[in-house]
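Biologist: Please put the model up. I would like to go through its packing and pairing, one question at a time.

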Amino acid sequence: MSTAAEAMLPWPVDDFSKYGPVEARPVGKIQGFVGRAMHRNWVSIPHVAHHDDADVTGFERRRKAWNAAHSDDKRTLLPVLMKASVAALQAHPKFNCSLSADGATLFMKNYFNVGVAVDVPSGLLVPVIRNCDQKDVGQIAREVVQISEKARTKGLSIAEMAGGCFTLSSLGHIGGTGFTPIINAPEVAILGICRTQDRFVPDAGGNPVLKQLLPLSLSYDHRVINGADAARFVRFIADWLGTYQFA
């Protein structure tokens, strides 16, 4: 019996210069490694994506008030989302695990390390912030800034990208309304974040009210997590943000 890879049609080969000017550039070392890892993760894991919106109207009002009062310690969304993710992992431990290569063993983790996808000139790196359950938002924010800057300038060691439980991939600084991030194996889920949108939604009386909605996209391993679990997990994060108080 042939494998799925053997059953695939061969990659199309063409002389692109027949159609116009071209420039051949080698794929960088990091980009090549990331590409191979992404391909492995995509073909090996049965991905399913769940999309939902978090009402962050009150959250953004409180965040802006904090920043106005603390100009030297401003807050952004990402570190708070990392704490929200930790709370969600604690409430839904099935998401804080890894599946063995043969699919026979599930490793339940009792630590909370969160990865953050960082766009760098040479590709995509995912530094891991360790023990996020033991750190406040300010500590996490400072670590994210430091490790992201290192990723963009000096690069990261394998150790700095290992040991993650869950990953966040944010495109909010660029845009978008949703996407399907590829799971960072051996994790079982990854959360994608897009730009907050202003939209009118009906209140209890049917009157339009302007809300700030944050698009959240969760990709999950369907061998471990089912759709209802995913919906509850994302809703937990959305509700957590709605009640979060800056302090």
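Biologist: Which hand does the crossing of helix 4 and helix 5 have?

Modeller: This is a predicted model, where local features need pLDDT of at least 70, side-chain atom pairs count only at pLDDT 80 or more, and totals for chains, interfaces and linings use all residues. Residues are numbered from 1 along each chain as its sequence is written, and side-chain values use heavy atoms, with hydrogens and water left out. Helices (H or I, at least four residues) and strands (E, at least two) are DSSP runs, numbered from the N terminus. A crossing is left-handed if the near helix is turned anticlockwise from the far one by less than a right angle, and right-handed if clockwise; for helix 4 and helix 5 the crossing is right-handed.

Biologist: Are helix 4 and helix 5 parallel, antiparallel, perpendicular or oblique?

Modeller: Axes are lines fitted to C-alpha atoms, for helices over the stretch in contact, and angles run from 0 to 180 degrees between N-to-C directions. Helix 4 and helix 5 (residues 137–153) have axes 9 Å apart, at an angle of about 120°. Angles under 35 degrees count as roughly parallel, over 145 as roughly antiparallel, 65 to 115 as roughly perpendicular and the rest as oblique. The two helices are therefore oblique.

Biologist: How many charged residues does the contact of helix 4 with helix 5 have?

Modeller: Contact means heavy atoms within 4.5 Å. L78, P79, V80, M82 and K83 of helix 4 meet V137, I140, A141 and V144 of helix 5. Ala, Val, Leu, Ile, Met, Phe, Trp, Tyr, Cys and Pro count as nonpolar, Asp, Glu, Lys and Arg as charged, and the others, Gly among them, as polar. The tally is eight nonpolar, no polar and, for charged residues, one.

Biologist: How is helix 4 set against helix 6?

Modeller: Helix 4 (residues 77–91) and helix 6 (residues 227–243) pack with axes 9 Å apart, at about 130°. Helix 4 passes helix 6 in a right-handed crossing. Their relation is therefore oblique.

Biologist: Which residues of helix 6 make the contact with helix 4?

Modeller: By class, this contact has twelve nonpolar, one polar and one charged residues. Helix 4 brings V80, L81, K83, A84, S85, A87, A88, L89 and A91, and helix 6 brings F233, F236, I237, W240 and L241.

Biologist: Now the strands. How many residues of strand 9 are buried?

Modeller: Buried means under 20% relative accessible area, exposed over 50%, partly exposed in between (1.4 Å probe, protein chains only). A189, L191 and I193 point one way, I190 and G192 the other, and all are buried. The count for strand 9 is five of five.

Biologist: In which sense does strand 9 pair with strand 11?

Modeller: Two strands pair if DSSP finds at least two bridges between them. Strand 8 (residues 166–170) joins strand 9 by four bridges and runs parallel to it. Toward strand 11, L191 stands opposite L218, and I193 has L216 as its bridge partner. Strand 9 (residues 189–193) has five bridges to strand 11, and the sense is antiparallel.

Biologist: Which residue has a positive phi in the hairpin of strand 10 and strand 11?

Modeller: Strand 10 (residues 197–202) and strand 11 run antiparallel, joined by six bridges. P202 has P208 as its bridge partner. Five residues lie between the strands, and the positive phi, near 85°, belongs to G206.

Biologist: How many bridges join strand 1 to strand 11?

Modeller: A49 stands opposite S219 in strand 11. Strand 1 (residues 47–55) and strand 11 (residues 208–221) run antiparallel, and their bridges number nine.
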